[in-house]
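Hello,

Here is the structure I said I would pass on. My notes on it follow below.

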Amino acid sequence: AKGGDLLAWCLLAALEARQRERGLMEVTDLRGYSGMAFLYDEDVTGAFYMRNTPMPLSIAWISARGAVVSTADMAPCEDRDGCPTYPPAGPYRTAIEAPKGALPLLGITPGATVTVGGACAART
């Protein structure tokens, strides 16, 4: 945001390969969280897909420096082979999925710096 505005939000975290593979499959309620962060220990370039994911999502790929690499809107796809893939424009360290259209509400826009980490308030 202009002027160095700071926005903070809580995301579900996919830290392990098993969690990243599952992502938001079969999820229809984020239980108060703003989305999900997929965190990697090194730069990766893999595309995302929406197999068995009923909710339309937007995704932002974030570089190790916190820059927005690119974003995409992703359409739901049933549990089948051949779901479309959504590739990033370059290497990323974090991917953030949120309900479709919500990335600007989180301050994730071109030119923004995104920092992932810290504690969240407990969600119920």
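Is Arg22 buried, partly exposed or exposed? Arg22 is partly exposed, with a relative accessible area of 41%; buried means under 20% relative accessible area, exposed over 50%, and partly exposed in between, with a 1.4 Å probe and protein chains only.

Before the rest, the conventions. This is a predicted model, in which local features need pLDDT of at least 70 and side-chain atom pairs count only at pLDDT 80 or more, while totals for chains, interfaces and linings use all residues. Residues are numbered from 1 along each chain as its sequence is written, and side-chain values use heavy atoms, with hydrogens and water left out.

Salt bridges

The structure holds 6 salt bridges, each defined as a side-chain nitrogen of Lys or Arg within 4 Å of a carboxyl oxygen of Asp or Glu. One of them joins the side chains of Arg22 and Glu26 at 2.9 Å, N to O. Another is formed by Glu16 and Arg18, at 3.6 Å from N to O. Glu16 is partly exposed at 45% relative accessibility, whereas Arg18 is exposed at 58%.

Asp43 and Arg93 also meet in a salt bridge, 3.0 Å from N to O. This pair links distant parts of the chain, with Asp43 in strand S2 (residues 36-44) and Arg93 in strand S7, 50 residues apart. Strands (E, at least two residues) are DSSP runs, numbered from the N terminus. Asp43 is partly exposed at 44% relative accessibility, and Arg93 is partly exposed at 27%. Salt bridges with shared partners join Arg51, Asp79 and Asp81 into one network.

The sheet

An open sheet is formed by 5 strands in the order S1-S2-S7-S4-S5, with mixed pairing; two strands pair if DSSP finds at least two bridges between them. Strand S1 (12-14) and strand S5 (68-74) are the edge strands, each pairing on one side only. From one strand to the next, the twist averages 20°, where axes are lines fitted to C-alpha atoms and angles run from 0 to 180 degrees between N-to-C directions. S4 and S7 pair in the antiparallel sense over 6 bridges. Ile59 stands opposite Glu97 in S7.

Aromatic pairs

Rings of Phe, Tyr and Trp (its six-membered ring) pair if their centres lie within 6.5 Å; planes under 30 degrees apart count as stacked, over 60 as edge-to-face and the rest as tilted. By this rule the count is 5 aromatic pairs. Phe48 and Trp61 form an edge-to-face pair, 6.4 Å centre to centre with 70° between the planes. Phe48 is in strand S3 and Trp61 in strand S4, 13 residues apart. Phe48 is buried, with a relative accessible area of 8%, and Trp61 is buried at 0%.

Trp61 also pairs with Tyr92, in a tilted arrangement: 6.4 Å centre to centre, 50° between the planes. Trp61 lies in strand S4 and Tyr92 in strand S7 (residues 92-99), so this pair ties together parts that are 31 residues apart in sequence. Tyr92 is buried, as is Trp61. Ring pairs link Phe38, Tyr40, Phe48, Trp61 and Tyr92 into a cluster.

A loop residue

Thr53 is in the loop between strand S3 (48-49) and strand S4 (57-62). Thr53 is buried, with a relative accessible area of 5%. Apart from neighbours within four places in sequence, Thr53 is in contact (heavy atoms within 4.5 Å) with Leu24, Met25, Glu26, Pro76 and Cys77.

Regards

Technical notes:
Helices (H or I, at least four residues) and strands (E, at least two) are DSSP runs, numbered from the N terminus.
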